[in-house]
Amino acid sequence: TTFIGASFGGIAEMYAQIQKAVGATERVFELLEETPEAINATPKISSIEKIKGIVSFRNVAFSYPSRKEVQVLKDVNFSAEFGQKIAIVGPSGAGKSTISSLLLRFYDITSGEILVDGKNIYDYDLENLRGNMSIVPQDVILFGGTIRENIAYGKPNATDEEILLAAKQANAFNFVDGFPEKFETLVGERGVKLSGGQRQRIAIARALLKNPSILILDEATSSLDSESEKLVQEALEVLMEGRTSIIIAHRLSTIRNADKILVLDNGEISEEGTHQELINLENGIYKNLSNLQFSNS
Ligand code: ATP
């Protein structure tokens with residue numbers, strides 16, 4: 001795995017940190033084992049060009065290398081213009097998170113094309129591509145260091161002012177300021193234990209500091225308490241401003257104002273439109289999901 005360390009840079013380091021923090025997980029090994037093809041691609045696009053953040057999937061098909069017989073995505077087509085909020089919904093196991101893994105090039109697609117700013121993602125230098133993307137995952141894992149280090153992860157040379165501003169914008173400042181050691185507070189096993197909502201706000205501060213063109217939000221399935229939920233939601237609104245956001249949505253209430261909602265079903269996008277358009281579709285999947293969720297809540 002030496003070449004991974006050499007060319008995989010930040011991500012490998014991050015996984016090393018995560019491993020240190022939480023112990024080796026199967027997922028870490030899976031990712032490291034399954035990425036070499038993506039890493040080996042020779043970049044054709046200069047890293048100097050700033051990525052605007054236009055994303056398109058064209059006829060994308062994909063199977064996980066360990067389960068080649070199952071086609072998780074069959075023919076996925078969609079596009080996100082610069083600055084749009086695109087939400088992906090669909091039943092559990094439909095392949096929503098898989099779409100984000102493919103965009104981040106954790107796995108190579110089987111066929112079709114994924115374009116960023118109209119160019120094939122495999123033509124980008126991997127670090128440059130990922131350097132322009134941030135993901136706020138369902139369950140944020142922080143590495144065992146200080147809060148400052150965790151926020152600055154996306155921009156190691158960040159100044160104190162930048163870190164402070166990011167923490168404030170992410171609604172993280174108040175709880176951080178409440179700890180005796182403030183930004184120097186250790187998190188993880190040897191430090192404070194943060195709640196799910198607090199960890200998410202740290203991840204949002206990290207993403208704000210990184211200032212990516214493309215943001216991937218994998219919404220938490222387990223709900224946070226309503227106060228924390230409100231603070232996280234506010235912080236996410238700030239974070240989404242001025243970037244292209246792809247939201248993997250588990251709760252329909254948070255995506256009503258998305259520019260476009262995609263319904264993923266059976267490996268394909270079966271419905272596409274705004275909330276209003278989709279609830280008007282007779283016998284639509286979204287309409288049914290929507291009726292179910294709102295009648296249960
Ligand atoms: P959820 O809403 O439950 O998070 P999802 O729509 O995000 O689901 P994915 O996580 O993308 O679904 O999974 C799509 C399919 O791919 C599922 O059948 C899942 O079991 C399978 N899958 C996911 N990750 C892997 C993996 N690393 N290796 C093999 N199969 C996988």
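This is a predicted model: local features need pLDDT of at least 70, side-chain atom pairs count only at pLDDT 80 or more; totals for chains, interfaces and linings use all residues.
User: How far apart are the end C-alpha atoms of the 15-residue helix H10 (residues 226-240)?

Analyst: Residues are numbered from 1 along each chain as its sequence is written, while helices (H or I, at least four residues) and strands (E, at least two) are DSSP runs numbered from the N terminus. The expected span of a helix is 1.5 Å times one less than its number of residues. For the 15 residues of H10 that comes to 21 Å, and the distance between its end C-alpha atoms agrees: 21 Å.

User: Which residues of H10 are buried, and within what arc do they fall?

Analyst: A residue is buried if 20 or more other C-beta atoms lie within 10 Å of its own, exposed if 12 or fewer, and partly exposed in between, with C-beta atoms placed from the backbone. By that count, the buried ones in H10 are Leu231, Val232, Ala235, Leu236 and Leu239. Seen down the helix axis, these buried residues line one face of H10, because they fall within an arc (of the directions from the axis to the C-beta atoms) of 135°.

User: What do the buried residues of H10 pack against?

Analyst: Contact here means that two C-beta atoms, placed from the backbone, lie within 7 Å. The other side of H10 has exposed residues, Ser226, Glu227 and Glu237. The buried residues, in turn, pack against helix H9 (196-210) and strand S7 (214-218).

User: Is Gln233 buried, exposed or partly exposed?

Analyst: Gln233 sits in helix H10. There are 13 other C-beta atoms within 10 Å of its own, so Gln233 is partly exposed.

User: Which helix gives the largest share of the shell around the ligand?

Analyst: The ligand is surrounded by 13 residues (C-beta atom, placed from the backbone, within 6 Å), and the closest are Tyr64, Ser92, Lys96, Ser97 and Thr98. Three residues of the shell make up that largest share, and they come from residues 96-103, helix H4.

User: Within what arc do the buried residues of H4 fall?

Analyst: In H4, the buried residues are Lys96, Thr98, Ile99, Leu102 and Leu103. They line one face of the helix, because seen down the axis they fall within an arc of 160°.

User: Which residue takes a positive phi in the hairpin of S4 and S5?

Analyst: S4 and S5 (residues 119-120) run antiparallel and are joined by two bridges, with Val116 partnered by Lys119. Two residues lie between the strands, and the one with a positive phi, near 55°, is Asp117.

User: What is the phi of Asn59 near?

Analyst: Most residues other than glycine have a negative phi. Asn59 has its place in strand S1, and is partly exposed, with 13 other C-beta atoms within 10 Å. Its phi is positive, near 50°.

User: Where is Asn211, whose phi is near 55°?

Analyst: The phi of Asn211 is a positive value in a residue other than glycine. Asn211 is partly exposed, with 15 other C-beta atoms within 10 Å. Its place is in the loop between H9 and S7.

Terms used. Two strands pair if DSSP finds at least two bridges between them.
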